[in-house]
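Please look through the sequence and the model shown below before reading the report that accompanies them.

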Amino acid sequence: MRQPPKKIQPPASQFEKPAKERLIATADRLFRLLGIRAAPGLIAHEAHTNMDTLAKYFGQGDALAGLFIKSLIAECEDYWRGLAADFPHDPETQLRRWLAFEEDQIGYVMEPRVLLSRTAAELFEPRTQHHPLLREIEDYWQVERRRVLGLCRAAKLRDPSELADKLLLLVHGARNERGAYGRLNPSRVLQKAGLELMVLHGAAVRPAADYGPDLD
């Protein structure tokens, strides 16, 4: 008598974590790859669970998107904390290092700063009420602006508010344009343009930092 085929089970390692943790990790991965609109059914399937379990913990999925946004913001904050720890009491160097870092982003598409911008664009819907998750991203951008403004002031640069806005315009422009132009143009001149602005506002003339390979 033939035996019925055994059901193929995924490797045991896939179930080492509870379903809730698997859903969070899977949603984070898919949101990074596919965007915030990744289907809840796909998330549940990839996490080896079902929609009932997803709904039990996260409703229709907005809670998962909220956790994703918080994780991106936390990654951005980790960078700023590290920068402050490496160059305490040296706000001008922090600004210079920030500009160099923003220019030399090899994996720019998957960078948390770029993913925040992409997520904000996906959440924006002019015909509906302002999405609370979009507000969370915008609130963080205000935190970023206050931080850059604070560094400009601490470095005693002229017209710090105007300089901070100019630098943020450069940086956010570079983050967003790479999807069209790639890493080399025009964002390759971000550091140079930012330093020129800093000098115009009273910073000392110093060589640009080189933290990556020569791209010429």
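Predicted model: local features only at pLDDT ≥ 70, side-chain atom pairs only at ≥ 80, totals over all residues.

Residues are numbered from 1 along each chain as its sequence is written, and side-chain values use heavy atoms, with hydrogens and water left out.

**Overall build**

The protein contains nine helices and zero strands, where helices (H or I, at least four residues) and strands (E, at least two) are DSSP runs numbered from the N terminus. Of the 216 residues, 40% are buried, and here buried means under 20% relative accessible area, exposed means over 50%, and partly exposed lies in between, with a 1.4 Å probe and protein chains only. Among the contacts with a separation of 6 or more, 66% are made by residues 24 or more positions apart, a contact being heavy atoms within 4.5 Å. The protein exposes about 12,800 Å², and carbon and sulfur atoms supply 56% of that area; accessible areas come from the Shrake-Rupley method with a 1.4 Å probe, and for residues only the protein chains shown count as cover.

**Salt bridges**

Side chains of opposite charge can pair when their charged atoms come close. A search of the whole structure finds 16 salt bridges, each defined as a side-chain nitrogen of Lys or Arg within 4 Å of a carboxyl oxygen of Asp or Glu. The table gives some of these pairs.

| Salt bridge | N to O distance |
|---|---|
| Glu102 and Arg175 | 2.8 Å |
| Arg113 and Glu111 | 3.3 Å |
| Glu162 and Lys166 | 2.8 Å |

Glu102 forms its salt bridge with Arg175 at 2.8 Å between the closest N and O atoms. Because Glu102 lies in helix α5 (residues 91-103) and Arg175 in helix α8 (residues 160-181), this pair ties together parts that are 73 residues apart in sequence. Glu102 is buried at 2% relative accessibility, and Arg175 is likewise buried, at 4%.

A network of salt bridges links Glu102, Glu111, Arg113, Glu144 and Arg175.

Glu162 and Lys166 both lie in helix α8, four residues apart, which is about one turn of the helix. Glu162 is partly exposed, with a relative accessible area of 41%, and Lys166 is partly exposed as well, with 30%.

**A nonpolar surface patch**

On the surface, Leu33, Leu34, Leu42, Val109 and Met110 form a nonpolar patch with about 430 Å² of accessible area together. Such patches are made of residues with over 30% relative accessible area and no salt bridge, like charges being joined within 9 Å and nonpolar side chains (Val, Leu, Ile, Met, Phe, Trp, Tyr) within 5 Å. Val109 is found in the loop between α5 and α6 (112-123), and at 45% relative accessibility Val109 counts as partly exposed.

**Packing of α1 and α6**

Two packed helices are described by the angle between their axes and the distance between the axes. Helix α1 (residues 19-34) packs with α6 at an angle of about 80°, their axes being 10 Å apart. That angle makes α1 roughly perpendicular to α6, a term that covers 65 to 115 degrees. The axes are lines fitted to C-alpha atoms, for helices over the stretch in contact, and angles run from 0 to 180 degrees between N-to-C directions. From α1, Phe31, Arg32, Leu33 and Leu34 meet Leu115, Arg118 and Glu122 in α6.

Conventions. Parallel < 35°, antiparallel > 145°, perpendicular 65-115°, else oblique.
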